[in-house]
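Please keep the model open while reading.

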Amino acid sequence: MQALGACLLVMGFVLWTTARFQLGKSLTVTAQAKKLVTHGLYSRIRNPIYVFGSCVIAGLILVLGRPIWLLVFLAIIPLQIWRVKKEASVLEATFGEEYRSYRVGTWF
């Protein structure tokens with residue numbers, strides 16, 4: 001379990017960091033639509049920071065040998081989904097058809 005956790009942690013961190021840099025100045029704490037980022041990881045996954053951040057958290061839980069904490073992690077997932085939906089509505093309101101077309105060709 002710890003080896004699996006270490007792989008998730010390292011892979012997730014590298015990809016999370018990559019996504020963060022690819023997002024550039026469009027990274028915000030609140031849902032804002034500065035620019036529609038569609039290159040790099042964002043060409044396949046609409047929310048790679050959430051996806052790979054989740055990998056980091058799950059990996060850390062497994063590395064620490066506390067799989068019961070995965071239940072807490074599972075409780076956080078609905079909050080992330082809520083935030084993704086909020087961000088999607090802001091992006092759709094700002095970028096309209098461009099965002100809808102992008103959304104069709106990407107996952108989460």
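Glu-92 is partly exposed, because its relative accessible area of 26% lies between the limits of 20% and 50%. The model is a predicted one.

**Salt bridges around Glu-92**

Glu-92 takes part in salt bridges with two arginines described here. One is Arg-100, whose side chain meets that of Glu-92 at 3.0 Å, N to O. The other is Arg-103, with a distance of 3.2 Å, N to O, to Glu-92. This second pair links distant parts of the chain. Arg-103 sits in helix H4 and Glu-92 in helix H3, 11 residues apart.

Both arginines have intermediate accessibility. Arg-100 is partly exposed, with a relative accessible area of 30%. Arg-103 is partly exposed too, at 31%.

Which residues are linked with Glu-92 in a network of salt bridges? The network holds Glu-92, Glu-97, Arg-100 and Arg-103.

The count of salt bridges in the model comes to four. Another one joins the side chains of Arg-83 and Glu-87, at 3.3 Å, N to O. Arg-83 and Glu-87 are four residues apart in helix H3, so about one helical turn separates them. Arg-83 is partly exposed, with a relative accessible area of 30%. Glu-87 is buried, at 18%, because the cut-off for buried is under 20%.

| Salt bridge | Distance, N to O |
|---|---|
| Arg-83 and Glu-87 | 3.3 Å |
| Glu-92 and Arg-100 | 3.0 Å |
| Arg-103 and Glu-92 | 3.2 Å |

**Packing of H3 against H4**

Helix H3 spans residues 70-95, and helix H4 spans residues 97-104. Their axes are 6 Å apart and meet at an angle of about 130°.

H3 contributes Ala-88, Leu-91, Glu-92 and Phe-95 to the contact. H4 contributes Glu-97, Glu-98, Tyr-99, Arg-100 and Arg-103. By class, this contact has four nonpolar residues and five charged ones. It has no polar residues.

Glu-92 is on the H3 side of the contact, and Glu-97, Arg-100 and Arg-103 are on the H4 side. These four are the residues linked by salt bridges.

**Aromatic pairs**

A pair of aromatic rings is described by the distance of the centres and the angle of the planes. The count of such pairs in the model comes to three. Two are described here.

Phe-13 and Trp-16 form a stacked pair. Their centres are 6.2 Å apart, with 25° between the planes. The pair counts as stacked because 25° is under 30 degrees. Phe-13 and Trp-16 are three residues apart in helix H1 (residues 2-23), so they are separated by about one helical turn. Phe-13 counts as partly exposed, at 48% relative accessibility. Trp-16 counts as partly exposed at 30%.

Tyr-99 and Tyr-102 form a tilted pair. The centre-to-centre distance is 6.2 Å, and the planes are 50° apart. The two tyrosines are three residues apart in helix H4, so about one helical turn separates them. Tyr-99 is buried, with a relative accessible area of 4%. Tyr-102 is buried as well, at 12%. Tyr-99 also belongs to the contact of H4 with H3.

Asn-47 lies in the loop between H1 and helix H2 (48-63). Is Asn-47 buried or exposed? Asn-47 counts as buried, at 11% relative accessibility. Leaving aside neighbours within four places in sequence, Asn-47 is in contact with Val-84, Glu-87 and Phe-108. Glu-87 is also the salt-bridge partner of Arg-83.

Trp-107 lies in the segment after H4. Trp-107 is exposed, because its relative accessible area of 53% is over 50%. Where does Trp-107 make contact, leaving aside its neighbours within four places in sequence? The partners are Arg-44, Ile-45, Arg-46 and Val-51. Between Trp-107 and Leu-4 there are 24 Å in space, C-alpha to C-alpha. In sequence, Trp-107 and Leu-4 are 103 residues apart.

How values were computed:
Residues numbered from 1 in each chain as written. Predicted model: local features only at pLDDT ≥ 70, side-chain atom pairs only at ≥ 80, totals over all residues. Heavy atoms only, no water. Axes fitted to C-alpha atoms, helices over the stretch in contact; angles between N-to-C directions. Contact = heavy atoms within 4.5 Å. Nonpolar A, V, L, I, M, F, W, Y, C, P; charged D, E, K, R; others polar. Phe/Tyr/Trp six-rings, centres within 6.5 Å; stacked < 30°, edge-to-face > 60°. Buried < 20%, exposed > 50% of the residue type's maximum accessible area, 1.4 Å probe, protein only.
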